[in-house]
Amino acid sequence: MFGIKSYPEEFELEVVVLGSHLIDDYGNTFRMIEQDDFDIGSKLHTIVRGEDEAAMVESVGLALVKLPDVLQRLRPDILIVHGDRFDALALATAAALMNIRILHLEGGEVSGTIDDSIRHAISKLAHYHACCTRMAEQHLIAMCEDHSRILLAGCPSYDKLLSTHHRDDYMDIIKSWLGDKVKDRDYIVALQHPVTTDIQQSIKIYGLMLDALLSFNKKTLILFPNIDAGYKEMVRVMRKKGIEQHPNFCAMKHIPFEQFIQLVCHAGCMIGNSSCGVREAGAFGTPVINLGTRQTGRETGENVLHVRDADTQNKIYHALELQFGKRYPCSKIYGDGNAVPRILKFLRSIDLEEPLQKTFCFPPVKDPISQDIDHILETQSALAVDLGGTNLRVAIICMRGNIVKKYTQANPKTFEDRMQLILKMCTDAMRDAVCLNCRILGVGVSTGGRVNPQEGVVLHSTKLIQEWSSVDLRTPISDALHLPVWVDNDGNCAALAEKKFGHGKGVENFVTVITGTGEKSVLITQISCLLLLSKDVNIFTLCLGIGGGIIHHNELVHGSTFCAAELGHIMVSLEGPECSCGSRGCIEAYASGMALQKEAKRLYDEDLLNVEGVDMKLSEPVTAGHLINAARMGNSKADAVLNKASTALGVGIINILHIVNPKRVILSGVLASYYQAPVQRIISERALLSAQSIEVLASDLEEPALLGAASMVLDYATRRIY
């Protein structure tokens, strides 16, 4: 409504208010509409009191009697109907029969009550749809709605919600509703509605929830249930337990939306079965306990703990113990704050001269990806950041793993310059994402060193990235971009990339070993040039170490102090060469790019890197590429170095096989293709018989660090069942 009103030269807004907005028991909320400076053209008293099934039917009938006169007088070009309330069904029915175009907001979603049937019925009556999630869009298409009349917009309330929930005066709002003694994140918001398809069970759950809240003994803001059948019985339960007089409870009939946002955002927990818990609360990371079946089927973030069979007070109390006071990363499943501009653009595109008659796309359902360019480009995506020792890279990566756009800058040496550049590159990428119609869900960061992914903090970094210890990456990036942020080290990100996009897809247990980073295609090309005896090749220098990640039972293994999967520092010799970690005989000291480069330089300085017939007097730095090339051309010294490196890596991997017993080992990085065959051979010779058949594969992914960083974002929308 605010968006439409802001363009008076294009739209003329008429507001009709009906239903519970006009009832005193629900706060006479039509006054809130007037306070927002909207002119209410018509007020229709359509609610028949009684709060049972018959009263709901009578209310729909009364609305159908009163609406035709108003619609006949207004004759709107388009009628906007929101959601799944029974009053909205009356409105959509009247408009459809009077040949008025209908735009339905938030159709296609799934929940567990009569609201499902009402929502889908409105969708069948509506001519146009603006839905919140990709899954809702697919549901509408499966319901035979014309995909060209469906807009994936996101939830309009998120536009207001994401722009206003960061307020300095939030404690003033909290104290105005809950009292001066309440503290941030030390109270509960409770909101439970009747389930019209199982009223008695919903009343029972309501009583159990109140008992659990009484026992939990925390300050609780409880809102009255809505006007659906079962309302009277639930209020009777509340009053029987003395909730309105209890010092721990503040019972309210209505709270203005902007203030309610603050209360939910800073709550220690939200409990009940309101759609606010599974939708809006996720944007703040507020922990939620969803009781019963009213929201069954809705998409939820990890912040939601489902208690489907809430049949005992103890079960609900235990859920409160698990959730209260936690904090989760923000989830934007239902919107990114740009729904209103999309809907206004969609409204402008509607041709009022085209035939009003709906057309249905009956099976086979059309593939929306192949129909129009807007749909192809409207992709859910992630911002991926790779903090390398030389370069800082940012990429927009879509759900399929395609890199939509990539940005590269030299990595500054100081902390301040590095953080400033990260934020600038991410901001530029966010701006470009809008032009590319990419919907950014969050930011994933891959960095070297030891990382606490729970806090988003780099604990200790590699020598290549200076001034980069005890650095909180999550907070400044999240604050600047208003997006959730995930951080992990590059080895773990490589494993996550394989899990989502590579050889680890569908594999429950596997290990990824990074054998050096750099541009794989560049190295292969340059080695090929060396084989052709070119004298002026600039070989790409391999980065430092060997790392990796372990996926066990489909989960990444971090360890108690976040140093699990430091695979490069598995010792394969007690008296081996010195490693960068200060120890001796580590795999990294034998097989890393830096170790091979060091050996190549030693041989070159001793004139032992020569190959008969080839001039090895090089102007550029000697690298591992020269060592590999010399070995392939028959240099026995180079071949011995590489055999020792391959053996060390193979023995180290055998140790991994004997400890975690993965199904597959995936070698990543520029040396992966070289090491694959030798490592497989060493496993077949030295591993236990039961581990000898484990396959070793070389990664096909060109950008494992970026893809792994993106996968942390793209795979986060999961459900937790209790």
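Buried here means under 20% relative accessible area, exposed means over 50%, and partly exposed is what falls in between (1.4 Å probe, protein chains only). The model is predicted, so local features need a pLDDT of at least 70 and side-chain atom pairs count only at pLDDT 80 or more, while totals for chains, interfaces and linings use all residues. Residues are numbered from 1 along each chain as its sequence is written, and side-chain values use heavy atoms, with hydrogens and water left out.

On confidence, pLDDT is the predictor's own score for each residue, from 0 to 100. The protein averages 86, and 91% of the residues score at least 70. Where pLDDT is low, the predicted coordinates should not be read in detail.

Helices (H or I, at least four residues) and strands (E, at least two) are DSSP runs numbered from the N terminus. Strand E12 (residues 304–307) is covered on both faces: Val304 and His306 are buried on one side, Leu305 and Val307 on the other. In a regular strand the side chains alternate between the two faces of the sheet. E12 pairs in the parallel sense with strand E11 (residues 288–291) over four bridges; to count as paired, two strands need at least two bridges found by DSSP. Opposite Leu305 in E12 stands Ile289.

Helix H16 (residues 415–435) runs for 21 residues and spans 31 Å from its first C-alpha to its last, close to the 30 Å expected at 1.5 Å a residue, where the expected span is 1.5 Å times one less than the number of residues. Its buried residues include Arg418, Asp428 and Asp432, along with Met419, Leu421 and Ile422. The buried residues of H16 pack against strands E13 (379–387), E14 (391–398), E15 (403–410) and E16 (438–447), and against helix H17 (474–481). Just after H16, Asn437 takes a positive phi of about 60 degrees.

Next come the charged pairs. A salt bridge is a side-chain nitrogen of Lys or Arg within 4 Å of a carboxyl oxygen of Asp or Glu, and the structure holds 32 of them. One joins Asp116 and Arg119, with the closest N and O atoms 2.7 Å apart. Both residues lie in helix H5 (residues 114–125), three residues apart, or about one turn of the helix, and both Asp116 and Arg119 are buried. Another links Lys218 to Asp186 at 2.9 Å between the closest N and O atoms. Lys218 sits in the loop between helix H9 (199–216) and strand E8 (219–223), and Asp186 in the loop between helix H8 (170–178) and strand E7 (187–191), so the pair ties together parts that are 32 residues apart in sequence. Lys218 is partly exposed at 25% relative accessibility, and Asp186 is partly exposed at 28%. Glu606 and Arg602 also form a salt bridge, their closest N and O atoms being 3.6 Å apart. Salt bridges that share partners join Lys405, Lys424, Asp428, Arg431 and Asp432 into one network.

As for cysteines, the structure holds zero disulfides, a disulfide being a pair of cysteine sulfur atoms within 2.5 Å. The sulfur of Cys132 is 4.5 Å from the closest cysteine sulfur, in Cys155, which is too far for a bond. Cys132 is buried, with a relative accessible area of 0%, and Cys155 is buried at 1%.

Methods
Contact = heavy atoms within 4.5 Å.
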